[in-house]
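Please read it alongside the structure.

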Amino acid sequence: MTELDPDVADDVPWSNKITFYDKQHFVTYIRLLDAEADGADWQEVARIVLHRDPMAELDRSRRCWEEHLKRAKWMTEHGYRQLLIRARDAQNLKTGKLH
C-alpha cells in the first residue's frame, strides 16, 4: 500500500520501468506535480513533501526536489502507460481474454 507521506531518498532510483520506489512514492509525485501547478516555492515543497531543510542544506534539498519532480513528470509522460498495460493485462487474465 502506498504511504501518504513517505520518507524519500536524496536521489530517485532511475529506470525506464516503474520501480518499487515509484510505487511507494506515487502520492509524493502527485503532491510535487500539484505544487508545481500551483506555483509553490520549491523550498516550501522540499520542506513539506520531501522532508528536507533547504535552510540547512540548500544544494541537497534542491537536488532532491529536482530529481523527484523529474521522475514525477516521467510518470505522467511514460510511466502511466505501464500502469495501464498492467491493469489491462490483469483484467484480461481475470476474464480469460487474450490480447
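1. What does the side chain of arginine 60 meet in a salt bridge? The partner is aspartate 10, at 2.9 Å from N to O. Arginine 60 lies in helix α4 and aspartate 10 in the segment before α1 (20-24), so this pair ties together parts that are 50 residues apart in sequence. Aspartate 10 is partly exposed as well, with a relative accessible area of 22%; that value falls in the partly exposed class because buried means under 20%.

2. The pair is also part of a network. Salt bridges link Asp10, Arg52, Glu57 and Arg60. A search of the whole structure finds eight salt bridges, and the one between arginine 60 and aspartate 10 is described above.

3. Arginine 71 and aspartate 22 form another salt bridge, with their closest N and O atoms 2.6 Å apart. Distant parts of the chain are linked here: arginine 71 belongs to helix α4 and aspartate 22 to helix α1, 49 residues apart. Is this pair buried or exposed? Arginine 71 counts as buried because its relative accessibility is 0%, and aspartate 22 is buried with a relative accessible area of 0%.

4. The surroundings of arginine 71 deserve a separate point. A polar atom of its side chain lies 2.7 Å from the backbone oxygen of serine 15. Leaving out residues up to four places away in sequence, arginine 71 touches Val12, Pro13, Trp14, Ser15, Lys17, Ile18, Thr19, Asp22 and Tyr29. Asp22 in that list is the salt-bridge partner of arginine 71, and Ser15 supplies the backbone oxygen.

5. Within helix α4 there is a local pair. The side chains of arginine 62 and glutamate 66 meet in a salt bridge at 2.9 Å, N to O. The two residues are four apart in helix α4, which means that about one helical turn separates them. Arginine 62 is partly exposed, with a relative accessible area of 32%, and glutamate 66 counts as partly exposed at 38% relative accessibility.

6. Arginine 63 is also in helix α4, which spans residues 58-95. At 36% relative accessibility, arginine 63 counts as partly exposed. Which residues does arginine 63 contact, leaving aside its neighbours within four places in sequence? They are Asp10 and Asp11. Asp10 is also a member of the salt-bridge network with Arg52, Glu57 and Arg60. The C-alpha atoms of arginine 63 and alanine 46 are 9.7 Å apart in space, and the two residues are 17 apart in sequence.

7. A last point concerns confidence. The chain has a mean pLDDT of 90, and 95% of its residues reach 70 or more. Confidence is highest in helix α3 (residues 42-48), at 98, and lowest in α4, at a mean of 87. Where pLDDT is low, the predicted coordinates should not be read in detail.

How values were computed: Residues numbered from 1 in each chain as written. Predicted model: local features only at pLDDT ≥ 70, side-chain atom pairs only at ≥ 80, totals over all residues. Heavy atoms only, no water. Buried < 20%, exposed > 50% of the residue type's maximum accessible area, 1.4 Å probe, protein only. Contact = heavy atoms within 4.5 Å. Salt bridge = Lys/Arg side-chain N within 4 Å of Asp/Glu carboxyl O. Polar contact = N/O pair within 3.5 Å; in protein donor to acceptor, adjacent residues only side chain to side chain. pLDDT = per-residue confidence, 0-100.
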